[in-house]
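Let's take a walk through a protein model, one spot at a time. Have the picture open while you read.

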Amino acid sequence: MRVLRIAGNGARKLGKSVMIHRARENVARSVRFEQPLVIAHVQTRMNRSGGAEENTWASCVHQAQSGHVVHLFCGRSSDVEEYAARGTPVRVHLVDEMVRDVSAQGDIAAYRRLSALFGEIRADVVHTHTSKAGIVGRLAASNAKVPAIVHGVHILPFSNVGLAEKVVYLAAEHIAAPMTDHFIHVSHGTREAYALARLGGNRLHSVVRSGMDIDRYQNAAWPEDWRGLIGVAPDAAKPRTILMMAVLEARKRQAEFITGFARVTQRGEDIRLLIAGDGPDRDRLAALVAELDVGDRVKLLGHRSDPERLVALADLCALASLREGLPRTIVQSLAGGKPAVVSPLRGIEEIIESGVNGIVVQRTDAESVAREAANLVRDDMRLARMTHAASSVTVDGWKFASMFAQLDQAYRETLALPRVAARLAARDAARGEQEVYRWA
């Protein structure tokens, strides 16, 4: 039997860490919501195709259905009508001043607008999501004296970017971190990255995996129109198929992947690349497919409401982006029993065991991801082995029920913080109200 021995300061530090963790758990378990909270979620962009958007919307709906008053504030490029028309208790607002690109004038205007809105709705909690909304939203919440400020880390904005961009993002994050009461990460990888960057070291950090309807990916049927999707004759067998599901934007590197795929495959080869999703790069990608003359084996599907059927149709899934939290599409791939080929993302080992249920490509260029995906889909024995392993992976930790339970726990821990309780009490006393926040 191997025994781990920790001596001196190491043992004392470990003991202190365990005691703090147990105390945190005991306090949080005793906290219950005695009154509905007014919760404001903030995201720069809300559209139909993004994983962060799906995560945020699910969180909003869960909290609203749990009895809280939930507002979702999103920026100019959001499809507000899409979400407002879904008939949920979530109150969706367009903040026209909030834009995705860095803009001094626009960001100041968004800061002022959000500050006013948080005051108008008397927010108890502001929960920001992603990078830009995370900075502007937390600054505005602090200015509006919102009692509890939570930040959802869906992506690492300072990872795999140029030096200047990295410095700017890190500086902004260090400014916003002291205003944050709780960081909620979608993966242990982002949590570790924040620790390495010394961000929010004295604040609460939790990992809440991005929830999804796992059951719909298990035993899903192929799309009824699959022959038309992949372009085969009525009596032809299905060719080997690679699926990439992501927002069509530069960060996802579909253009580089398509270019690499064109180089490692041949015209007329019995192989298909299906790219599902919508976004600002749609026209650019269509032009690239025409320019490279790969329309026979690369199909742009646009937005699909049946991603589980696409996973069922595919032999493997691929993702070439370098800045992610933990990609939902990769979890969905394994939920559907299909291996995945991915870039070397921080924390990806939480779901992909390279060489077993997929491949984590060691090179960072998208062409290498395309080459590995094409090689795997051609290798019958290796593909069968990885498919079997992918089918055996347990992904229950990404179910909605698990996410909602973890999210509620994170909020309880936030409200249990003495400084948050003091802010709530001071704010209500200043307003002369009789509302009392108590914890049994």
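Is the crossing of α5 and α6 left-handed or right-handed? The crossing of these two helices is left-handed, meaning that the near helix is turned anticlockwise from the far one by less than a right angle (clockwise would be right-handed).

Before going on, a word on the ground rules. This is a predicted model, where local features need pLDDT of at least 70, side-chain atom pairs count only at pLDDT 80 or more, and totals for chains, interfaces and linings use all residues. Residues are numbered from 1 along each chain as its sequence is written, and side-chain values use heavy atoms, with hydrogens and water left out.

**The helix pair**

Helix α5 covers residues 131-143 and helix α6 covers residues 163-176; their axes come within 10 Å and cross at roughly 35 degrees. Helices here are DSSP runs (H or I, at least four residues), strands are runs of E (at least two), and both are numbered from the N terminus. The axes are lines fitted to C-alpha atoms, for helices over the stretch in contact, with angles from 0 to 180 degrees between N-to-C directions.

On the α5 side, Ser 131, Ile 135, Arg 138 and Leu 139 meet Tyr 169, Ala 172, Glu 173, Ile 175 and Ala 176 of α6. Contact means heavy atoms within 4.5 Å.

**Rings**

There are five aromatic pairs in the structure. One of them joins Trp 57 and Tyr 83, which are tilted, with 4.9 Å centre to centre and 55 degrees between the planes. (Rings of Phe, Tyr and Trp, using its six-membered ring, pair if their centres lie within 6.5 Å; planes under 30 degrees apart are stacked, over 60 edge-to-face, the rest tilted.) Trp 57 belongs to helix α2 and Tyr 83 to helix α3, 26 residues apart, so this pair links distant parts of the chain.

**Two buried residues**

Buried means under 20% relative accessible area, exposed over 50%, and partly exposed in between (1.4 Å probe, protein chains only).

| Residue | Element | Relative accessibility |
|---|---|---|
| Ser 59 | helix α2 | 3% |
| Ile 271 | strand β9 | 1% |

What does Ser 59 touch, not counting residues up to four places away in sequence? Its partners are His 41, Met 403, Phe 404 and Leu 407. The C-alpha atoms of Ile 271 and Ile 230 are 9.4 Å apart, although 41 residues separate them along the chain.
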